[in-house]
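Hi everyone, thanks for coming. I'd like to walk you through one structure today, so please have a look at the screen while I talk.

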Amino acid sequence: MLDSLWKEAALNSESVTPSWEIFHENSKTGHYDGSLTNERVVEEMSNLYDVFPYNQFPSIPLPTNFARIQRSFMETVTNRVTPKEIVPQTLSLEQLHTILYCGYGVTRDNKDNEYIRRPFRTVPSGGALYPLELYFYTNEKVESLKAGLYHYSPVENSIQLIREGNFDEEIANALVGFQTHLAYDTSMILFITAAFNRSTFKYKEKGYRFTLFEAGHVAQNINLAATAMELGVINIGGYHDRLVDRFLKIDGLNHATVYLNGICSGKK
């Protein structure tokens, strides 16, 4: 009896179209989808933040200079590996600035553009809408910074301490079982989050795909910047989304975590 029930359940499960397939089909661009006018895009963009301000927290300016890099581009690309030995290393503010800037920093302003006036970043972005935000947590492993959760403001080249304290255990509980040690063994953990509406208002379901593309661009830049400074990066997909979103105090729906990166020593 039980065997027949299990077989029936298996057959039923196989007949259900997986959600990823439904989403992929619904997010395809069609010839007759229509699009917003440039004027409407500008109007909508004016109602959306280009970066969350966190004005209630003091702004901590980052250095204007970058960490010294001696590796060539090809050396950096070919030396990018996931380190087997994961140990923390105290980072300088210049190293922190280099990682954040290469990940999502502002490269030039765009004030002369008639329609899209947001400054350009270090990564390509669909419609230059830049739907992502960067946060990071460190437990006194970045020089002169208190333990806590920080938010990066690319436009101001600054950070804000939005939650002070040691949250190693809370982060460990938000990671899957075999990676809980990363909360303790990394110098810092970066959280790439997405404010989806910044992209989807223009590109609809395809905007969600664009947002994930962009997170990959940011993560790769973080990997290359860290590798160039002979640091290691652990790219983390094994996390409990709702717990991480709760830690960041974001709603997980309109604004959600999409990727994590742990920075550590560059020992292989």
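Let me start with a question: does glycine 30 count as buried, partly exposed or exposed, and what is its relative accessibility? Glycine 30 counts as partly exposed, at 33% relative accessibility. By that I mean the band between buried, under 20% relative accessible area, and exposed, over 50%, with a 1.4 Å probe and protein chains only. Glycine 30 sits in the loop between helix 2 (19-26) and helix 3. Helices here are DSSP runs of H or I with at least four residues, strands are runs of E with at least two, and both are numbered from the N terminus.

Before going on, a word on what we are looking at. This is a predicted model, where local features need pLDDT of at least 70 and side-chain atom pairs count only at pLDDT 80 or more, while totals for chains, interfaces and linings use all residues. Residues are numbered from 1 along each chain as its sequence is written, and side-chain values use heavy atoms, with hydrogens and water left out.

Now the overall picture. The protein chain has ten helices and nine strands. Its C-alpha trace spans about 60 × 55 × 40 Å along the principal axes. For 268 residues, a compact globule would have a radius of gyration near 18 Å, and the protein chain has 21 Å, which agrees. That radius is taken over C-alpha atoms, and the globule rule is 2.2 Å times the number of residues to the power 0.38.

Of the 268 residues, 46% count as buried. The chain exposes about 14500 Å², and carbon and sulfur atoms supply 52% of that. These areas come from the Shrake-Rupley method with a 1.4 Å probe, and for residues only the protein chains shown count as cover.

What about contacts, meaning heavy atoms within 4.5 Å? Among contacts between residues at least 6 apart in sequence, 74% join residues at least 24 apart.

Isoleucine 99 counts as buried, at 0% relative accessibility. Leaving aside neighbours within four places in sequence, its contacts are Leu190, Ile222, Ala225, Met229, Leu231 and Ile263. Threonine 227 is 128 residues from isoleucine 99 in sequence, and their C-alpha atoms are 9.9 Å apart in space.

For contrast, here are two wider separations. Glycine 30 and isoleucine 189 are 159 residues apart in sequence and 39 Å apart in space, C-alpha to C-alpha. Lysine 84 and aspartate 33 are 51 residues apart in sequence, with 47 Å from C-alpha to C-alpha. Lysine 84 is in the loop between helix 4 (73-78) and helix 5 (93-104), and counts as exposed at 80% relative accessibility.

On to charges. Side chains of opposite charge can pair when their charged atoms come close. How many salt bridges does a search of the whole structure find? The search finds four, where a salt bridge is a side-chain nitrogen of Lys or Arg within 4 Å of a carboxyl oxygen of Asp or Glu. I'll show you some of them.

Glutamate 25 and lysine 28 meet through their side chains at 3.0 Å, N to O, and lysine 28 is partly exposed, with a relative accessible area of 42%.

Arginine 40 pairs with glutamate 44, with the closest N and O atoms 3.2 Å apart. Both lie in helix 3 (residues 38-45), four residues apart, which is about one turn of the helix. Arginine 40 is partly exposed at 39%, and glutamate 44 is partly exposed at 21%.

Glutamate 133 bridges to arginine 198, the closest N and O atoms being 2.5 Å apart. Glutamate 133 lies in strand 4 (residues 132-138) and arginine 198 in helix 8 (residues 197-203), so this pair ties together parts that are 65 residues apart in sequence.

Last stop: backbone angles. Alanine 128 has a phi near 50 degrees, a positive value in a residue other than glycine. Alanine 128 is in the loop between strand 3 (120-121) and strand 4, and is buried, with a relative accessible area of 9%. Glutamate 230 also is not a glycine, and has a positive phi of about 60 degrees. Glutamate 230 lies in the loop between helix 9 (205-228) and strand 8 (231-236), and counts as exposed at 52% relative accessibility.

Notes:
Contact means heavy atoms within 4.5 Å.
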